[in-house]
Amino acid sequence: RAVVTVEITSDGRVGGTRISRPSGNDAFDASVRQRLEQAEGAAVPPPPPEVADQYLGRSISFSFSRRN
């Protein structure tokens, strides 16, 4: 499992990305990096207005897990 941090820009796009905790598997981490690079600049679905300030202009973390 690799934990990533993704910046969501104030206009709702993927900004900077990074692996904040690598999985320890070089091939898997390289695959995650490739996906993150492909996502940079892409628009994200707009969050509901009542929670938009919790996501836009901020960074979020989530994880990628390997399928067995």
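Colleague: To begin, how many bridges join S1 to S3?
Modeller: Seven bridges join S1 to S3, and the two strands run antiparallel. Two strands count as paired if DSSP finds at least two bridges between them. Helices (H or I, at least four residues) and strands (E, at least two) are DSSP runs, numbered from the N terminus.

Colleague: Before we go on, what sort of model is this?
Modeller: This is a predicted model, in which local features need pLDDT of at least 70 and side-chain atom pairs count only at pLDDT 80 or more, while totals for chains, interfaces and linings use all residues. Residues are numbered from 1 along each chain as its sequence is written, and side-chain values use heavy atoms, with hydrogens and water left out.

Colleague: Which elements does the chain have, and in what order do they run?
Modeller: The chain has one helix and three strands. From the N terminus on, the order is β-β-α-β.

Colleague: How are the strands arranged in the sheet?
Modeller: The three strands form an open sheet in the order S2-S1-S3, with antiparallel pairing. S2 and S3 (58–64) stand at the edges with a single partner strand each, so one side of each has no neighbour in the sheet. From one strand to the next, the twist averages 25 degrees.

Colleague: And where does the helix go?
Modeller: H1 packs on the sheet and touches S1, S2 and S3. The direction of H1 makes about 165 degrees with that of S2; axes are lines fitted to C-alpha atoms, for helices over the stretch in contact, and angles run from 0 to 180 degrees between N-to-C directions. Contact here means heavy atoms within 4.5 Å.

Colleague: Back to S1. Is that strand mostly covered or mostly open?
Modeller: S1 is mostly covered, since six of its seven residues are buried. Buried means under 20% relative accessible area, exposed over 50%, and partly exposed in between (1.4 Å probe, protein chains only). In the chain of 68 residues, 24% count as buried.

Colleague: Which residues make up the largest nonpolar core?
Modeller: There are nine: Ala2, Val4, Val6, Ile8, Val14, Ile19, Phe28, Val32 and Leu36. A nonpolar core is a set of buried Ala, Val, Leu, Ile, Met, Phe, Trp, Tyr and Cys residues joined through side-chain atoms within 4.5 Å.

Colleague: Why would such residues gather like that?
Modeller: In soluble globular proteins, nonpolar side chains tend to be buried together.

Colleague: What does Val4 touch?
Modeller: Not counting residues up to four places away in sequence, the contacts of Val4 include Ile19, Val32, Leu36 and Phe62.

Colleague: Let us turn to Thr5. Is Thr5 buried or exposed?
Modeller: Thr5 is buried, with a relative accessible area of 12%. Thr5 lies in S1 (residues 2–8) and stands opposite Arg18 in S2.

Colleague: Which side chain does the side chain of Thr5 meet in a polar contact?
Modeller: The partner is the side chain of Ser61, at 3.3 Å. A polar contact is a pair of N or O atoms within 3.5 Å; within protein, one must be able to donate a hydrogen and the other to accept it, and residues adjacent in sequence count only if both atoms are side-chain atoms.

Colleague: How do S1 and S2 pair?
Modeller: S1 and S2 (residues 14–21) pair in the antiparallel sense over five bridges. Ile8 has Val14 of S2 as its bridge partner. The hairpin has five residues between the strands, and Gly12 there takes a positive phi near 80 degrees.

Colleague: One last topic: is Arg1 buried or exposed?
Modeller: Arg1 is exposed, with a relative accessible area of 54%, and is found in the segment before S1. The C-alpha atoms of Arg1 and Pro22 are separated by 7.4 Å, although the two are 21 residues apart along the chain.
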